[in-house]
Amino acid sequence: MDSVIGHRGAAALAPENTLAGIQKAADLGLKWIELDVTLLGDGSAVMFHDSTMSRTTSASGHLKRKNLDQVAVLDAGSWFSEAFAGEKVPTLIEALTLIKKLNLGLNLELKPNRCDLKLLVEEVVAALEAADFPEDQLLVSSFNHKALVLYRAKADSRIGCLFESLPRNWKHKAKQVDAKTIHLNGKKLKEKKAQEIKTAGYELYCYTVNEKDMADRLRGWGVDGVFTDNPSLIG
């Protein structure tokens, strides 16, 4: 990945997990972005973070109770600003198509949101194949270790283990899925843990870093890159 990765596109500058957010990240000159993929009730793979619709769309209710026809007509931009009114919740294939066209790298985070993990993995693998998405431009991550185990059984993509803070058994989990990267909350990371990860041979990335002094401190500890909502603040 890169030293600066756009979080959910460029979440401070455009509505998260949207095509507009992907385009904004590209316009800013970013090389990599991070987005969330989850399933609706009908098994459709869409770019969405939460388990409910209300924070970032014109609807309410749980994703599990929605189908693609219902979600396709929602406004996923007005909550952010009127400039993005009418922005839609993209399907995974729509997002992959634009990302590939813009030549961006993608950290795709698997967000179960209580959906069927096996189906989530199957839908993601199928969409990546359908989009002919380049392996060298892809990294798949998740907080859900079972999702990563299922994904590894189906695909050869690079995998990142995502943790709030580093668990004692992190090396076992990383080896189990042949992970290449470890992703941690930048606010909770200690220098000693950063050194432990780097010494073990893993790349280390931290989220969500929106202050330059934190980014500089983490880089000083050997962190390879940071996820940020606003790349212009990081430098």
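Colleague: Which residues does Thr18 touch, leaving aside those up to four places away in sequence?

Modeller: Ala76, Glu87, Lys88 and Pro90. Touching means contact, with heavy atoms within 4.5 Å. This is a predicted model: local features need pLDDT of at least 70, side-chain atom pairs count only at 80 or more, and totals for chains, interfaces and linings use all residues. Numbering starts from 1 along each chain as its sequence is written, and side-chain values use heavy atoms, without hydrogens or water.

Colleague: Why does Thr18 count as buried?

Modeller: Its relative accessibility is 2%. Buried means under 20% relative accessible area (exposed is over 50%, partly exposed in between; 1.4 Å probe, protein chains only). Therefore Thr18 counts as buried. Thr18 sits in the loop between strand 1 and helix 1.

Colleague: What covers the buried residues of helix 1?

Modeller: The cover includes strand 2 and helix 3 (92–101). The buried residues in helix 1 are Ala20, Gly21, Ile22 and Ala25. Helices here are DSSP runs of H or I with at least four residues, strands are runs of E with at least two, and both are numbered from the N terminus. Just past helix 1, Gly29 has a positive phi of about 90°.

Colleague: What makes strand 2 largely enclosed by the rest of the structure?

Modeller: Eight of its eight residues are buried, so strand 2 is largely enclosed. Trp32, Glu34, Asp36 and Thr38 point one way. Ile33, Leu35, Val37 and Leu39 point the other way.

Colleague: What joins strand 2 to strand 4, and to strand 3?

Modeller: Six bridges link strand 2 and strand 4 in the parallel sense. Trp32 has Gly105 as its bridge partner there. Strand 3 (residues 45–47) runs antiparallel to strand 2, with three bridges. Thr38 is bridged to Val46. Strand 2 and strand 3 form a hairpin with five residues between them, and Gly43 in the turn has a positive phi of about 90°.

Colleague: Why is the β-α-β unit called right-handed?

Modeller: The unit is strand 1, helix 1 (residues 19–27) and strand 2. With the strands pointing away from the viewer, a right-handed path from the first strand over the helix to the second runs clockwise. The unit is right-handed, so its path runs clockwise in that view.

Colleague: What makes a space a pocket, or a cavity?

Modeller: On a 1 Å grid over the protein atoms alone, a 1.4 Å probe fits in a cavity but cannot get out, while a pocket is an open set with protein on both sides within 12 Å along at least five of seven lines. Lining residues have an atom within 4 Å of a point.

Colleague: Which residues lie nearest the centre of the largest pocket?

Modeller: His7, Glu34, Glu109, Phe143 and Tyr207, out of 15 lining residues. Strand 2 (32–39) and strand 4 (105–110) each give two or more residues to the lining. The space is about 150 Å³.

Colleague: How many cavities of 30 Å³ or more does the structure hold?

Modeller: One. The largest cavity has a volume of about 70 Å³. Its lining has 14 residues, with Glu16, Asn17, Met47, Phe48 and Thr56 nearest the centre.

How values were computed
Grid points are joined across faces, edges and corners, and a volume is the space filled by probe spheres set on the points. Two strands pair if DSSP finds at least two bridges between them.
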